Amino acid sequence: MGVASGPRFPGIENGLVFAVDPLNQESWLGPDSAVVNNIPPLSSTISGSIYNDTSGSLGISGSFTFDGTDDYIEVNGGNLVSSTNPFTISLWFKADSLNSGCLMYFKNDLTRAFFIQVLSTGNVNFRSRYSIWIPGETADSSISTGAWTHYALVYNGNDVTTLDNFTAFLNGSPSTLQAGLNSAHQYYNTANYIGRSAISGVGNNYFDGQIGPTMIYNRALTTLEISQNYNQLKPRFT
């Protein structure tokens with residue numbers, strides 16, 4: 001189901017279950033505090049808070065600035081992605097350093113959590129804290145510091161343990177997925193984050209860089225739709 005009310009976001013809205021756009025302050029109700037700003041809900045169950053002045057640029061450059069130390073966005077409202085249902089994650093980011101921490105961390109049910117990170121190799125890696133998931137990273141290692149990148153990940157809902165059921169996109173084009181960096185640490189499923197992880201024993205992995213519009217869909221977007229979202233925002237970040 002699409003967004004029934006609330007601010008409009010740049011891109012396709014059909015199936016959108018969460019979105020925050022730094023340039024559109026209607027989507028995060030700020031800046032009014034250096035500590036916490038509220039994200040209004042897209043529904044009666046999804047909301048969030050911005051902690052430790054991640055507003056940074058205050059929307060002027062269309063992005064939130066994360067200092068790699070303590071900035072993050074917490075999203076409330078249950079599972080935003082599912083291991084049994086299709087989903088699409090779409091986000092713009094610019095890393096100040098490679099291996100710069102976690103772009104996002106989401107719980108997806110009571111026994112698993114899902115996160116995306118930039119590796120020191122310049123690849124984008126996704127994985128689960130619970131070892132049943134098959135982790136995957138983009139074969140394209142073109143991520144470099146100081147450059148904006150659009151990353152999208154599509155899961156078709158068929159089998160979460162099969163890498164072929166995921167499709168990754170970099171800057172609007174498909175990127176081959178290969179076996180990624182895995183971890184079998186104990187899961188941690190109490191929160192959804194943008195700009196950090198919640199992995200016990202290895203630190204919080206705060207992201208160092210900027211994150212622009214972030215959107216989550218409850219369906220698998222097509223290649224054409226991914227390209228449409230990318231092209232709509234490309235002039236803003238290039």
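Predicted model: local features only at pLDDT ≥ 70, side-chain atom pairs only at ≥ 80, totals over all residues.
Thr88 lies in strand β6, which spans residues 87-95, and its relative accessible area of 0% places it in the buried class, for which the cut-off is under 20%. The side chain of Thr88 comes to 2.9 Å from the backbone nitrogen of Leu221. When neighbours within four places in sequence are set aside, Leu221 is also listed among the residues in contact with Thr88, together with Leu153, Val154, Met215, Ile216, Tyr217, Arg219, Ala220 and Ile226.

Strand β8, formed by residues 112-118, is largely enclosed by the rest of the structure, because 7 of its 7 residues are buried. This burial extends to both faces of the strand, with Arg112, Phe114, Ile116 and Val118 covered on one side and Ala113, Phe115 and Gln117 covered on the other.

Pairing of β8 with two strands was found in the model. With strand β7 (residues 102-109), β8 pairs in the antiparallel sense over 6 bridges, and within this pairing Tyr105 has Phe115 of β8 as its bridge partner; Phe115 is itself one of the buried residues of the strand. The strands β8 and β9 form a hairpin in which 5 residues separate them, and Gly122, located in the turn, adopts a positive phi of about 90 degrees.

Conventions:
Residues numbered from 1 in each chain as written. Heavy atoms only, no water. Helix = DSSP H or I, 4+ residues; strand = E, 2+ residues; numbered from the N terminus. Buried < 20%, exposed > 50% of the residue type's maximum accessible area, 1.4 Å probe, protein only. Polar contact = N/O pair within 3.5 Å; in protein donor to acceptor, adjacent residues only side chain to side chain. Contact = heavy atoms within 4.5 Å. Pairing = 2+ DSSP bridges.
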